[in-house]
Amino acid sequence: MNQLETISADNVIVVRDLTKKFGNFTAVDHISFEVGKGEIFGFLGANGAGKTTAMRMLCGLSKQTSGQAWVAGFDIAKEAESIKKCIGYMSQKFALYEDLEVWENIRLYAGIYGVPDKEIAPKTDELLHRLGFEKERNALVKSLPLGWKQKLAFSVAIFHQPKIVFLDEPTGGVDPSTRRQFWELIYQAADQGITVFVTTHYMDEAEYCNRVTIMVDGRIDALDTPKNLKENFDAKNMDEVFHHLARNAKRND
Amino acid sequence: MAFVRKEFHHIFRDKMTMLILLVMPLLMLVLFGYALNTEVKNSKFAVYDPSHDEATRAIVEKLQINNYFILQKMLKSQAEVDAVFKTGEVAMVVVFSENFYENLLHGGKAQIQLIADGSDPNTASVITTYASTIMGNYQLELLKVGKIPYQIFPEVKLLYNPSMVAAYNFVPGVMGMIILLICAMMTSISIAREKETGTMEILLVSPMKPLYVILSKAVPYFFLSIVNLFTILAISVFVMGVPIAGSFFWLIILSLLYIFVSLALGLLISSVVNTQMAAMLISAMGLMMPVMLLSGMLFPTENMPLFLQLISDVIPAKWYILAVKKIMIKGLGAEAIILELIVLAVMAIALISISLRKFKIRLE
Amino acid sequence: MIIKYLIEKEFKQFKRNPFVSKFVFVFPFIMLAILPLAANFEVKDLNLSVIDNNRSSYSQRLVQKIAASEYFHITDISYNYRSSLKSIENDEADLILEIPARFEQDLVRDQEAKVMISANAVNSVKGGLGSAYLAGIVTEYSAEIRSELMPAGGKSVQSGMDITKLFRFNPLLKYKYFMVPAIMVMLLSMICGFLPAFNIVLEKENGTIEQMNVTPVGKFSLILSKLIPYWVVGFLVLNICFGVAWLFYGMWPKGSLLTIYLFASVFVLAFSGLGLVISNYSKTLQQAMFMVFFIIITFIFMSGLYTPVDNMPQWAQYISDISPLKYFIRVMRLVYLKGSAAADLREPFLALSGFAIILNTWAVISYKKAQ
């Protein structure tokens, strides 16, 4: 396959044989895929399957052992810093500063990502209004309930309108209805043209994605739309699809 | 006890900290035992000598013969005296008067000014004493008075420390400090970490009695301290030549008690703070400075103003160090350290009860 | 300027941390106020146990002379060495003076007598200085005797050498003049050495550093943003120290404040760089803490804080050469007590600058945004 063909304007992420080894342990084993613009792309798998490791490589947090990838047109091996300007990120631990107020967190990240100073305040107001957080403007993040922290972290991650937003297990620890609300926000972002790359071990969330991959023991064992996967594996839901694939998995937490 | 095993596992996994924990005390012992010295030698001095005669030259030579003094510079004028102090080049300037030799022989005024840098008072008083002694001896030689009549010779014998090796003074101090700091710091931080991450609540709600939960946190550090204790003792005895003149058994009993007290102190600290950072700041900075300076380890407590001596009495290290000196260096028996043992025991009990009460309150 | 937002964040977090922000200002105050009072080596009120086997007027006069000195306090006059030794063992006496039975006879007839001084040298300062003082008094006494018993002939032996001792900068030899500048340095180094390091490692531990690593914020900006608030704090602390030193001890720098500020800046630069390097190599707060602690303790002791560098064996002096503390302590003492000017202090300045450059470069290089 001609590399130039795949790095077209429509594919914001291109991955070829990406591998990460820690000593003798192969966390990510020669994975390859592409993600198109505006897609909601799900990375599923059990804990320890390698999803987070893969994502961290794409974000420039971890150096690959071998293989290549391009994010937003930039090579992760050589142009990591350029990638960072175009992406947003939300990690498992939410990583908002707990001892800063809501508006202070927004201001910090907005400033870092180059949102002009004059625009920060009005955009902050607008965001808080949209989320219904106006009263919590001056609240310390650590005082917020978990679901709100998640929504806030996501909103901060896309505040600067990045091309892609990477979400690492964003909905851990909340009830299903809160999770659904979160996914509303994801849809809104995708509608604006932001590509969403999300890892999760909740199989029901797979249904919300355009396409999903299922990682088992560091490999991609399936890559397709949820509908197709269910058909192919003769399954009622993604959970069954996953169990089918994971039966022989050697690694789970 | 599963909790204890978990703690051990946690500690062993962190190899870097383990290494530091075990090696640091030893390195400190060596450093402080050998490097820190209140004996004055190799002091740099300068000379302003307008006479340039036999006597002045001889005196300057004599000053340099042993390793007490090193001649740094010959000054050309009085004005340079100030300058040479300002750059900190010398600790003392020797100023001779003019026509020194002549005056000396014929009963005129032969003056020597020993100008010492008072910013280091100890060194200043010691080197001026040395210098004037050396000069006095020269004078005796010069005047060739075979025997000065009516001379009383003081013979000086130093007890317990014949070569005045500073190690004797510091080893007990370092022992006291290391054990207190490691036990108090490690335990308090470990517990504070659980508090910070919220896992403490889980532990306290478990069917285990709170007392056991807390104690299980302290147990691994207890063993670590024992390892440290023995290694420190081994190095002191075999490498540094600091003997254990008294009963080894009582030394160990004393040390075990002290380890208890230190662990209890760590427990207490962790019961009043909520974050790791705070635990660390209190134990490292809040404990370290007072322990170093008020425990009698570096400075004799007798010279301190009363209220500081009272504070010093509250520091467990002070009692431990006192007792260790008695046993290790003076070779005294258990009777001599009864007071210290009692004080330490009381401290241990008090600290543990207070921490327990605080933890219980937290549960309610 | 991205860094503006980062610095804002750091200051806000610092303010919001109830413990650290108070500790940083209260601690120096307390330490400076209390510790110089504790720290001293002045030798006085030594307990002396006397064994007078002679009991003559000559021996008694010697004992009285000693008793009159402010250095010694006679605890007992006993009759044998063994009981005096017990006093030392019980820490009731620091020294023993034993006057032999034939003291008077030896002195008057043979013109030569001996006394034995035994000193408890477990505390080598007390032992060494104490015995030296005592010997000095004995020698003075023998000179007195000499001039009494040899009125005329004595003159020829009377020394022509007139030795005077002058103590510059600290005529009364107060130990606190020695300690206070050094304590200031110690405080500054703890605050600038511990805190930035812990800050970064804390962020590593709770994951917020990852959030920074994934942003376009460059290493350099990130590190600078972490250092600057602590520089500001350090500067404030330094000034608090000046105030406390003046208030409690009447000490004000003899030299120029600007010189001190200049050196303090370079020192803080160097030392916070050191903290950063440590934090880059630590994964947990505990690791960082122990490394920092170990280094600080070593540096503090090896840098002439409390025993002069010149007293150390050669190998130890080499180690002290790599301690930024050593240079700054020297500078502080020089400027504070002697009014040295920047021109006098070229060498330490170069050393400190060198440290600052090397350590901070190392910090920036070793900070890895990606593993």
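**Helix packing, domains and chain contacts in the predicted complex**

In the predicted model, helix H10 (residues 248-272) of chain B packs against helix H13 (residues 316-329) of chain B at an angle of about 170°, the two axes lying 10 Å apart. Because angles over 145 degrees count as roughly antiparallel, H10(B) and H13(B) are described as roughly antiparallel to each other. On the side of H10(B), the contact involves B:Trp250, B:Leu251, B:Leu254, B:Tyr258, B:Val261, B:Ser262 and B:Leu265, which meet B:Pro316, B:Tyr320, B:Ala323, B:Val324, B:Ile327 and B:Met328 in H13(B). Sorted by class, the residues of this contact between H10(B) and H13(B) comprise 12 nonpolar and one polar, with no charged residues.

The axes of helix H11 (residues 257-280) of chain C and helix H15 (residues 346-366) of chain C come within 8 Å and cross at roughly 30°. Since angles under 35 degrees count as roughly parallel, H11(C) and H15(C) are therefore roughly parallel to each other, and the crossing in which H11(C) passes H15(C) is left-handed. H11(C) contributes C:Phe263, C:Val266, C:Phe267, C:Leu269, C:Ala270, C:Gly273, C:Leu274, C:Leu276, C:Val277 and C:Asn280 to the contact, while H15(C) contributes C:Phe349, C:Leu352, C:Ser353, C:Phe355, C:Ala356, C:Leu359, C:Asn360, C:Trp362, C:Ala363 and C:Ser366. The contact of H11(C) with H15(C) is made up of 15 nonpolar and five polar residues, and no charged residues are found in it.

For the second pair in chain C, helix H8 (residues 175-206) of chain C and helix H14 (residues 324-338) of chain C pack at an angle of about 135°, with their axes 9 Å apart. The residues that form the contact are C:Tyr177, C:Pro181, C:Ala182, C:Met184, C:Val185 and C:Ser189 of H8(C), together with C:Leu325, C:Phe328, C:Ile329, C:Met332, C:Arg333, C:Tyr336 and C:Leu337 of H14(C). By class, the contact of H8(C) with H14(C) divides into 11 nonpolar residues, one polar and one charged.

At the level of domains, the assignment for chain B gives domain 1 (2-36 + 164-363) and domain 2 (43-142), and the centres of these two domains of chain B, taken over C-alpha atoms, are separated by 48 Å. Chain C is likewise divided into domain 1 (2-39 + 173-366) and domain 2 (46-157), with 49 Å between the centres of domain 1 of chain C and domain 2 of chain C, again taken over C-alpha atoms.

Chain A and chain B do not touch, and their nearest C-alpha atoms are 12 Å apart. The contact of chain A with chain C takes 22 residues from chain A and 19 residues from chain C. On the side of chain A that touches chain C, the elements giving two or more residues are helix H3 (80-86) and helix H4 (102-112) of chain A, and H4(A) gives the most, with five residues. The side of chain A that touches chain C has, by class, 10 nonpolar, four polar and eight charged residues.

The predictor assigns the complex an ipTM of 0.80 and a pTM of 0.77. Chain A averages a pLDDT of 87, and 93% of the residues of chain A score at least 70. Within chain A, confidence is lowest in helix H1 (residues 3-6) of chain A, at a mean of 44, and highest in strand S7 (residues 164-168) of chain A, at 93. Over residues 1-8 of chain A, pLDDT stays under 50, and the model has seven contacts beyond four places in sequence for this stretch. Chain B averages a pLDDT of 79, with 87% of the residues scoring at least 70; in chain B, confidence is lowest in strand S5 (residues 151-159) of chain B, at a mean of 69, and highest in strand S3 (residues 92-96) of chain B, at 91. For chain C the average pLDDT is 82, and 93% of the residues score at least 70, whereas over residues 153-158 of chain C pLDDT stays under 50, with five contacts beyond four places in sequence in the model. Where pLDDT is low, the predicted coordinates should not be read in detail.

Definitions and conventions:
Residues numbered from 1 in each chain as written. Chains lettered and ligands numbered in written order. Predicted model: local features only at pLDDT ≥ 70, side-chain atom pairs only at ≥ 80, totals over all residues. Axes fitted to C-alpha atoms, helices over the stretch in contact; angles between N-to-C directions. Helix = DSSP H or I, 4+ residues; strand = E, 2+ residues; numbered from the N terminus. Contact = placed C-beta atoms within 7 Å. Nonpolar A, V, L, I, M, F, W, Y, C, P; charged D, E, K, R; others polar. Domains from an automatic or database assignment. pLDDT = per-residue confidence, 0-100. Parallel < 35°, antiparallel > 145°, perpendicular 65-115°, else oblique. Left-handed = near helix turned anticlockwise from the far one by under 90°.
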